[in-house]
Amino acid sequence: MGKWNREMKKGIVSLIAAFMVVSWVGIAPARAAEVNTEVPKVIERTSPSVVAIIGKPSSEADKTLEKNRFNLAHGTGVIVESNGVIVTNAHVVKDMKNIVVVTSDGTTYNGHATNIDEESDLALVKIEATGLSPAKFASSSDIKVGETVAAIGTPISFALRNSVTVGIVSGLDRSVNSQYQLIQTDAAINPGNSGGALINMSGEVIGINTMKYAEFGVENLGFAIPVDTVKYVLKHFQLYGKVKRPYLGLELEESWEAVVGLPSSTGLRVAYVDPDSPAAGAGVKQDDLITSIGSNKVKTMVDYNETLKKYLPNDKVSVTVQTGSSEVTKSITLGESQTQETKWTDDADDASLDADRGKTKIGDSHFGWSMKYPAGLVKSHQSEEGDSVSFVDSKGEFSLLIQVDSNQSDELSPTALLNKLVGDDESDYDSAPSTIVERQYVKREGNPYGKVVGRSGDHGYIQTRGYLSKGSLYTVQLFVTKDHYNNDFKQNSYNDLLDSFQPDFNDKDESLKDISVYSTGSTTYTNEYGLSLDLPASWQQGSYTGGSSFYSDDYTRTVHINVTSASSGDTLKSWVDRQRKQFEEVYASKYRKVNEPEELTLAGVPALKVSYSNSLGNKWTAGNSLFFIKDKYKYEVEFTYPQEADEEETAELLSTLTSSIKVEKTNMDQELGFIQDLDELQDPNRTVPYKNDKFKYTLQLPENWSSDNSYDSKDQGSKTFVFTGGHLLVHADPKATYEELVKAEEAKQKKSHENDSEYTYTASDVTLFDGVTAKKYVVHYASYKIPYQETVYIFRKGSISYAVSLRIDEAVQTEANEARLNKAFDSMKFLDSAKK
């Protein structure tokens, strides 16, 4: 019976499907014909309003990419004014140099970005032109789900300018990694289409193409910025030169339903209130719910941002806030969002799109080599030091590798050189060809070389040449596929390229392109928190939890970065005051200096600089700590250096550092959440228990002390607990008697005093704990010019003898630090078996 039901269902489904096919057959051809004739006419009218944009991408991470003639980026734009104003995506032109715009008729113009708004992902590009065809914009109310649309753009390759794909509007009011609503379409939007037009069948622009969802198995899922957002941004660009966004001063969180895409029944939770903000002044607090702004309900961040588009800074707006079970409407005067202004990239010195125009040779000035530079030769990789560089042919016919070994003798014999090229060295075994077809030493005047040609299985041929010059071995290796190598014409061109190699670089030859990466300048570092800064190229980078560290090549100068979240209500001043107080509590007054905070601006926001210095008694270390709060995160950049360092050099380095600091949301790790500032929670007097079962004692130690295993014995008989400028060391010995330990300690103290009269100590008998007899030694000395005090107690408890050392440097011998050290020792208690 069940099987019959299933078969019946199949039959019914088949009948319905057949009916649908018959029904649609009657109308589909007519509609298809209508669309087919409609699209070409619409494209013919609108295509002149769409342009292609190409330029050089700026690379902060690898400046050498900017010099690669094949390293280009492209996108699309839409003409909005006949005098050459073009709208495109911000991500297309933000980091683009030497912009070139090509209109649909193939006319080329130089362009430059005039306005960039990253939050909407829109920007304007200006070209010097007249009589262009501006696009017509649709009304947002006329856009319907299911209507036919076409996307015009420049997908994949710049040669595919003004390509057209057709689809429908799949959905409206979409939110996909954007602040505002997007239009969803199944018209193909591929890389390079960004900034192009999404048009309806009336030839009107309904949106600016911005992104495609790319994942295996997912097709026809593209998005465009709706025309009302485009008009909003263009109007602000025209009136103010930027988008003037209102500011409440809130960090908001969506409900779980909103995050997963379900209809939400609640408002937005207040996760953080910026101090001195309009919302803070109106009494909005953390964990309140924002349910509406004006007459608009806000249940998602897109709702919130779309609503704020209706207002300007200084407008009064009613905000409905739910606190607990009560709801109240507050009148708030909006502030202005102070986002960091996006600076478009300046053109390179050579305004030509081809970075290598006029360059017919290529080489490295630092390592001293050069050769011909065919138009199709593309640098594919270069080592950080520049001693290894590889090239590929743009058509994929061959690859070329040049390596420089700077530790070779010019006295190497031809035989030894050829052996090196063949790979007779064990270290070079993997690079040896499977069959050698030619090997010779070529006595070319001025630059003799070793030559080895080998066959690499069935893959192709490898020709390797080696040149000895000025204490370096230059190895040039060409790999060619079998088919191309057997082509006499091509083989002549390959040999011509190899013959052009010279272990020499003529820096006066203007046709010679220099690809040296050797630099004494600066390098830009960017971390996952969006922070970027410039430091000398010779500095090294290290890392630790919660921040980053950078060191000069001699390790005398350091930059430390620490990033944490700003707690609700915390201010820049209160944060800096806490940090100064903690610093002052660590060091005794004569060993520290700290100046009043100095106001400045970093990353476009108010900042404070605190200059300080400290010493343990031998050398003074100076430093400048830079503090600022941006986008709910606290950034501290600490620059330290020897106090005796060259003042002019240090000031120049600090100036470079401060002027280069930027924070960009686009560089932030999208998974960043709340990062607790541990200093806010730290209580230096809070203690935790330590228990040593084997040697029968316990201690209550400050929580911020750490255990130093480098001084500890494997059996835990010796255990060291350290803090800045001191330690507590417990040595337990069940084999030695009390008298033996005292005798050994006495001999040690006497010998130290005999070796250095400045080493002084006193010895006395004391009573500890519950009437335990002990020997006490108090030492005063300066080790490596660092004065310290050490107190040693020797006693026996039960079957175990103990020697406990309390050491503290004079530089940190504050009343609080000394009290914590003594309290830790006084907390020592003994397990039952040790008391017997």
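Visitor: How do the residues of the lining of the second largest pocket divide into nonpolar, polar and charged?
Guide: In this predicted model, the lining of that pocket has 14 nonpolar, 12 polar and 8 charged residues.

Visitor: And what volume does the second largest pocket have?
Guide: Its volume is about 1,200 Å³. The lining comprises 34 residues, and those closest to the centre of the pocket are Q582, F583, V586, Q682 and T724.

Visitor: Which element gives the most to the lining?
Guide: Helix α10 does, with 8 residues. Other elements that each supply at least two residues include β36 (558-565), β46 (718-723) and α14 (815-826).

Visitor: Let us change topic. How many bridges join β43 to β44?
Guide: There are 6 bridges between β43 (residues 687-692) and β44 (residues 697-702), and the two strands run antiparallel.

Visitor: Which strand pairs with β44 over 2 bridges?
Guide: That is β52 (residues 829-830), again in the antiparallel sense. Here T698 has K829 of β52 as its bridge partner.

Visitor: Now the whole chain, please. How many helices and strands are there?
Guide: The chain has 15 helices and 52 strands. Of its 836 residues, 45% count as buried.

Definitions and conventions: Residues are numbered from 1 along each chain as its sequence is written. This is a predicted model: local features need pLDDT of at least 70, side-chain atom pairs count only at pLDDT 80 or more; totals for chains, interfaces and linings use all residues. Side-chain values use heavy atoms; hydrogens and water are left out. On a 1 Å grid over the protein atoms alone, a cavity is a set of points where a 1.4 Å probe fits but cannot get out, and a pocket is an open set with protein on both sides within 12 Å along at least five of seven lines; lining residues have an atom within 4 Å of a point. Grid points are joined across faces, edges and corners, and a volume is the space filled by probe spheres set on the points. Helices (H or I, at least four residues) and strands (E, at least two) are DSSP runs, numbered from the N terminus. Ala, Val, Leu, Ile, Met, Phe, Trp, Tyr, Cys and Pro count as nonpolar, Asp, Glu, Lys and Arg as charged, and the others, Gly among them, as polar. Buried means under 20% relative accessible area, exposed over 50%, partly exposed in between (1.4 Å probe, protein chains only). Two strands pair if DSSP finds at least two bridges between them.
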